[in-house]
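Hi everyone, thanks for making time. I'd like to walk you through one model today, so let me put it on the screen.

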Amino acid sequence: MADPAMSVTPYWEVTFDADGDVDGRQRNRLLAGVAERGVRDLIVFAHGWNSDRSGATSLYSRFFAPFPRLAPAARIGYVGVVWPSMRFSDEPVPDLPRSVADGSARRPALDKDTRTALRETFPGRVTVVEQLARLLEERPAEESALEAFGRLARLLVEAVPPEPQALFAADTLVEGVPQDGPAMFADPAAAVCEEFARALAGLEVPSGAAGFTVPNPWDGAHELLRQATYYAMKRRAGTVGERGLGPLVGRLARAAPAVRVHLVGHSFGGRLVSFALRGLPEGVRAVKSVTLLQGAFSHYAFAARLPHDPRAGGALQGQQHRIDGPLVCCHSRYDTALGTVYPLASRMAGDARGAVGGPLVGKLLGAKWGAMGFDGVRAVPGTRACTLAEALSAPLPVSGCVNVDAAAVVRRGGPPSGAHSDIVHPELARVVLAAGRVR
């Protein structure tokens, strides 16, 4: 069923709730429609953090637009995954000018749109959201106020049993046991906020340069809240992938055995489609390619062993073998959200020791806590690496992990996110087609 705002057809939308339950009517329309329309290749795209359906649909429409021209003879169907994520209103929106999309890199207060998004994303926490907003607006001088802010942030995003989301927070496992919850909530909130503030300040004025001053910890409180919500979105992405999208692909394989499925994910959507591999029913080989666009999860997620801890491995170790084709990871060094703030937040989420700030964060923490959207898949033997030009001029490998340096096009954006959302390019559409050998 085509959406009026969609630039391609046939297009289906599939909506999941926070626990991975799918909209039954949308699911049934997809299962019936794929067969009726004679679809051969089905491209399934999962967004990252967007606060509403319209934002996700707009991204899908613009990203899918070049496909009919690039593969005119292919029988392609398109699916847009909608899941309950959110975006802070001062974050860039994909493919919009910075003057429209960006706010201050360190906006201290929560504006109306962000408060509304938080209330909708975390129902039942309205009072908590208003208390957080008031503290960010007033910025009390007492350290106890920052500690209260940290407690409220934790309360906002905590998973309450029997919700399944608590099982999907880890990107790495130690001897088969998931890592504990975010230690950044166990550390003194004032210290955590100061560390975030230093990191954000370092994105704009390098430490030691003229004009660099020690920032106010409240400048980092906004980032602490943002990272808290990201942690919740990280859990949701894994939940929706394994409990929702994976089983849906299994049903699709039974309903239309000849259909070739190509999973595409941006940011946390990359995590979602990767965890969908874990949710595939046994024996299903319908997934012919996975393309990750600026994936916001650990570059060790697919590793059997971590370089810094041989007891530990990635939560998705070996899952690339569930793909009957390659796993292609597009990354860019211009993605400062994944190159600087993500490693810092990941270190805080998994290790309560040590403190590093400013421009050193990416250098000292990136190797251990890096995101694959910044430097690609790591510690997986046999992983191939190529430039974007190489990926488009020669056939991609037929299996295994492939890192594609997409910095030639994924480069626009300013602090704090950098080029994280700069993914709407025909070159990346061509990578998706090349990964799945769609002609």
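A word on terms before the tour: helices (H or I, at least four residues) and strands (E, at least two) are DSSP runs, numbered from the N terminus. Counted that way, the protein chain has 15 helices and 11 strands. Please keep in mind that this is a predicted model, where local features need pLDDT of at least 70, side-chain atom pairs count only at pLDDT 80 or more, and totals for chains, interfaces and linings use all residues. Residues are numbered from 1 along each chain as its sequence is written, and side-chain values use heavy atoms, with hydrogens and water left out.

Let's begin with the chain as a whole. Of its 439 residues, 59% are buried, where buried means under 20% relative accessible area, exposed over 50%, and partly exposed in between (1.4 Å probe, protein chains only). The chain exposes about 17,100 Å², and carbon and sulfur atoms supply 52% of that; the areas come from the Shrake-Rupley method with a 1.4 Å probe, and for residues only the protein chains shown count as cover. As for contacts, meaning heavy atoms within 4.5 Å, take those with a separation of 6 or more: residues 24 or more positions apart account for 78% of them.

Now please zoom in on strand 6, residues 260-266. Seven of its seven residues are buried, so the strand is largely enclosed by the rest of the structure. In a regular strand the side chains alternate between the two faces of the sheet. Here, Arg260, His262, Val264 and His266 point one way, while Val261, Leu263 and Gly265 point the other.

Which strands does strand 6 pair with? Two strands pair if DSSP finds at least two bridges between them. Strand 2, residues 41-46, runs parallel to strand 6 and is joined to it by six bridges; Ala46, for instance, has Gly265 as its bridge partner in strand 6. Six bridges also join strand 6 to strand 7, residues 287-293, again in parallel, and Val264 has Thr291 as its partner there. From strand 6 the chain crosses through helix 10, residues 268-278, to strand 7, and this β-α-β crossover is right-handed. That means that, with the strands pointing away from you, the path from the first strand over the helix to the second runs clockwise.

On to the charges. Side chains of opposite charge can pair when their charged atoms come close. I'm calling it a salt bridge when a side-chain nitrogen of Lys or Arg is within 4 Å of a carboxyl oxygen of Asp or Glu, and by this rule there are 14.

One of them pairs Asp171 with Lys234, at 3.7 Å from N to O. Asp171 sits in the loop between helix 7 (143-157) and strand 4 (172-174) and Lys234 in helix 9 (residues 218-255), so the pair ties together parts 63 residues apart in sequence. Asp171 counts as buried at 5% relative accessibility, and Lys234 also counts as buried, at 16%.

Another links Glu242 and Arg278, with the closest N and O atoms 2.5 Å apart. Glu242 lies in helix 9 and Arg278 in helix 10, so this one ties together parts 36 residues apart in sequence. Glu242 is partly exposed at 22%, and Arg278 is partly exposed at 26%.

That's my tour, and I'm happy to take questions!
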